[in-house]
Amino acid sequence: MPLLIWTTVAIFAGAFAGGVSRWALAHIPAPRMGTWAANMIACSVLGFVAAQPGLVPLAVGTGFAGALSTWSTLAKELGQLIRDRNWSGLVRYTLATAVLSLVAAGFGLRWGALAFG
């Protein structure tokens with residue numbers, strides 16, 4: 001099969017798994033926890049596969065992590081905190097997401113380098 005078809009199939013398969021995972025995380029009853037967890041996992045996974053060869057970064061990084069992460073829901077939740085004038089919650093949630101996303105991606109990069117040399 002040509003590379004374009006394999007690439008498309010790999011991204012589709014990863015996106016399907018990421019979408020199903022995102023749907024499952026959306027059912028966490030704690031407010032904003034599903035969105036936060038999805039974004040942290042996606043950052044870790046993307047860091048883990050970032051330097052891998054072949055279709056792995058496309059299937060897992062673009063497909064799975066892309067479908068799992070939910071930056072639009074994060075924006076909606078931050079907007080709701082602003083509308084509610086919950087300034088301390090806004091600052092905590094924004095910082096926890098921004099800082100820990102970078103930490104998660106860094107851990108993913110480190111573990112990816114250890115796992116795949």
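Arg85 is found in the loop between H4 and H5, where helices (H or I, at least four residues) and strands (E, at least two) are DSSP runs numbered from the N terminus. The model is a predicted one, in which local features need pLDDT of at least 70 and side-chain atom pairs count only at pLDDT 80 or more, whereas totals for chains, interfaces and linings use all residues. Residues are numbered from 1 along each chain as its sequence is written, and side-chain values use heavy atoms, with hydrogens and water left out.

Arg85 has a positive phi of about 55°, although this residue is not a glycine. With a relative accessible area of 62%, Arg85 is exposed; buried means under 20% relative accessible area, exposed over 50%, and partly exposed in between (1.4 Å probe, protein chains only). A positive phi, near 65°, is also found for Arg32, a residue other than glycine. Arg32 is placed in the loop between helix H1 (3–25) and H2. Because its relative accessible area is 32%, Arg32 is partly exposed.

The axes of H4 and H5 come within 8 Å and cross at roughly 155°; axes are lines fitted to C-alpha atoms, for helices over the stretch in contact, and angles run from 0 to 180 degrees between N-to-C directions. H4 is therefore roughly antiparallel to H5, given that angles under 35 degrees count as roughly parallel, over 145 as roughly antiparallel, 65 to 115 as roughly perpendicular and the rest as oblique. The crossing of H4 and H5 is left-handed; a crossing is left-handed if the near helix is turned anticlockwise from the far one by less than a right angle, and right-handed if clockwise. On the H4 side, the contact is made by Trp71, Leu74, Glu77, Leu78, Leu81 and Ile82, and on the H5 side by Trp87, Gly89, Leu90, Tyr93, Thr94, Thr97 and Ser101; contact means heavy atoms within 4.5 Å. By class, this contact of H4 with H5 has eight nonpolar, four polar and one charged residues. Ala, Val, Leu, Ile, Met, Phe, Trp, Tyr, Cys and Pro count as nonpolar, Asp, Glu, Lys and Arg as charged, and the others, Gly among them, as polar.

Helix H5 (residues 87–116) also meets helix H2 (residues 33–49), their axes coming within 6 Å and crossing at roughly 30°. H2 is therefore roughly parallel to H5. H2 passes H5 in a right-handed crossing. The contact of H2 with H5 has 13 nonpolar, seven polar and no charged residues.

An unreviewed UniProt entry lists residues 36–69 and 90–113 under "transmembrane region"; UniProt positions are given in the numbering used here, feature names are shortened, and annotations may be inferred rather than shown by experiment. Residues 36–69 are 79% helix and 0% strand, and the end C-alpha atoms of this span lie 9 Å apart. Over residues 90–113, the chain is 100% helix and 0% strand, with end C-alpha atoms 34 Å apart.

Gly66 lies in helix H3 (residues 56–68) and counts as partly exposed because its relative accessibility is 39%. Ser69 is found in the loop between H3 and helix H4 (71–83) and, at 17% relative accessibility, counts as buried. When neighbours within four places in sequence are left aside, Ser69 is in contact with Ala38, Asn39 and Ala42. Thr70 likewise lies in the loop between H3 and H4, and its relative accessibility of 7% makes Thr70 buried. With neighbours within four places in sequence again set aside, the contacts of Thr70 are Arg22, Thr35, Ala38 and Asn39.

In H3 itself, Pro57, Ala59, Gly61, Gly63, Phe64, Ala65 and Leu68 are buried. The buried residues of H3 pack against H1 and H2. Ile11 lies in helix H1 and, at 26% relative accessibility, counts as partly exposed. Apart from neighbours within four places in sequence, Ile11 is in contact with Leu58, Ala59, Thr62 and Gly63. The C-alpha atoms of Ile11 and Phe64 are separated by 7.6 Å, although the two residues are 53 residues apart along the chain.
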